[in-house]
Amino acid sequence: MSLRAFLKLVEIQTKLASLFPFLVGSLFVFYRYGTFRPINTLIFFFSMFLFDLTTTAINNYMDYRKATNEQYRKQKNIIGQENIPEWLVVTTILCLLTTATGLGIWLVFKTDILVLVIGMVCFAIGILYTFGPIPISRMPLGEIFSGVTMGFGILFLTVYVNAFDQNIANLVWEGRMISFRADLLQILEIVLVSIPCVATIANIMLANNICDLEEDIKNNRFTLPYYIGKKYAIWLFNALYLIAFFAILAAAALHLLPKIMLLALLASIPVYKHVKLFNKKQIKSETFVISVKNLVIINGVISAILCLAVFI
């Protein structure tokens with residue numbers, strides 16, 4: 001398999017969706033807790049990144065196998081377009097998954113067992129997202145799982161592997177006894193900070209499903225826009241950006257983020273222009289990219305301002 005075919009198989013251009021929660025989490029943990037562990041952070045980053053590549057490769061492979069439209073296989077599925085042998089796709093998936101798992105286990109030994117539990121849950125969701133008799137991506141739950149797992153899960157784990165000794169949460173296994181404790185206030189703080197990531201990542205999938213609605217129905221993919229209707233799916237798309245900006249405002253008002261973060265609200269101007277364009281037409285080749293641009297604008301501004309706050 002050529003490098004070009006591999007990068008298309010794992011859709012490398014979409015990995016901003018996992019990069020921004022990691023980046024925001026890394027900056028937030030230093031700003032909020034004054035701690036940063038470079039080795040833990042690097043191990044987690046490569047484990048997370050490789051697993052993200054794995055789930056995308058599985059998704060493309062399962063779409064190829066389950067597609068009922070032969071033209072879709074050959075012209076719109078990456079495996080068919082690049083004529084990649086199925087055995088090579090499966091081998092690539094197994095290598096990526098094995099490496100990501102190994103790095104995850106190494107990270108558990110450097111932190112604690114809670115990382116293992118959360119990591120297993122995220123791995124399970126990632127696999128079931130694209131694999132199995134009824135994958136999550138073919139159900140009206142994809143936006144929820146992708147947004148929460150990546151937007152909150154990655155950000156939380158980035159914070160936790162750097163601040164696992166700050167009493168955010170603890171899972172202790174002693175003999176027959178397992179005890180779990182969590183500081184609900186700190187958890188809620190992380191949830192609030194993660195909402196812009198959750199909302200913008202969920203909207204990438206929502207925009208994709210809105211644009212692909214007719215094609216998905218032909219290939220037995222019944223996603224959220226199919227169940228709630230295209231009109232209400234577009235309303236939800238708009239509402240998620242409003243929620244993201246309200247979360248930024250609330251986090252700054254509660255002093256979880258620096259007051260200078262209020263400048264991030266200026267990002268609502270280009271985001272609003274993009275949303276108006278998407279509301280007018282939902283064409284994959286023309287307006288799907290709007291959701292990606294909005295993710296970069298919102299989370300890029302948050303990251304830049306947090307970086308400024310950390311260093312100043």
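Student: What kind of model is it, and how are residues numbered?

Tutor: It is a predicted model: local features need pLDDT of at least 70, side-chain atom pairs count only at pLDDT 80 or more, and totals for chains, interfaces and linings use all residues. Residues are numbered from 1 along each chain as its sequence is written, and side-chain values use heavy atoms, with hydrogens and water left out.

Student: How many helices and strands does the chain have?

Tutor: There are 15 helices and two strands. Both are DSSP runs numbered from the N terminus: helices are H or I with at least four residues, strands are E with at least two.

Student: What about the radius of gyration?

Tutor: It is 20 Å, which agrees with the value near 20 Å for a compact globule of 312 residues. The radius is taken over C-alpha atoms, and the globule rule is 2.2 Å times the number of residues to the power 0.38. Along the principal axes, the C-alpha atoms fill a box of roughly 55 × 50 × 35 Å.

Student: What share of the residues is buried?

Tutor: 51% of the 312 residues. Buried means under 20% relative accessible area, exposed over 50%, partly exposed in between, with a 1.4 Å probe and protein chains only.

Student: Now helix packing. At what angle do α8 and α9 pack?

Tutor: About 140°, with the axes 7 Å apart. Helix α8 covers residues 142–163 and helix α9 covers residues 184–211. Axes are lines fitted to C-alpha atoms, for helices over the stretch in contact, and angles run from 0 to 180 degrees between N-to-C directions.

Student: Which residues make that contact?

Tutor: From α8, they include Met150, Phe152, Leu155 and Phe156. From α9, they include Ile190, Cys197, Ile201 and Met205. Contact means heavy atoms within 4.5 Å.

Student: How do the residues of the contact divide?

Tutor: Into 16 nonpolar, six polar and one charged. Ala, Val, Leu, Ile, Met, Phe, Trp, Tyr, Cys and Pro count as nonpolar, Asp, Glu, Lys and Arg as charged, and the others, Gly among them, as polar.

Student: Is Met205 buried or exposed?

Tutor: Met205 counts as buried, at 8% relative accessibility.

Student: Are Cys197 and Cys211 buried or exposed?

Tutor: Cys197 is buried, with a relative accessible area of 1%. Cys211 counts as buried too, at 12%.

Student: Where does Asp52 lie, and what does it touch?

Tutor: Asp52 lies in helix α3, residues 38–66. Leaving out residues up to four places away in sequence, Asp52 touches Lys15, Ser18 and Met150. Asp52 counts as buried, at 10% relative accessibility.

Student: And His274, what does that touch?

Tutor: Ile290, Lys293, Asn294 and Ile297, again not counting residues up to four places away in sequence. His274 is in helix α13, residues 268–280, and counts as buried at 18% relative accessibility.

Student: What is the phi of His255?

Tutor: Positive, about 65°, although His255 is not a glycine. His255 sits in the loop between α12 and α13 and is exposed, with a relative accessible area of 55%.
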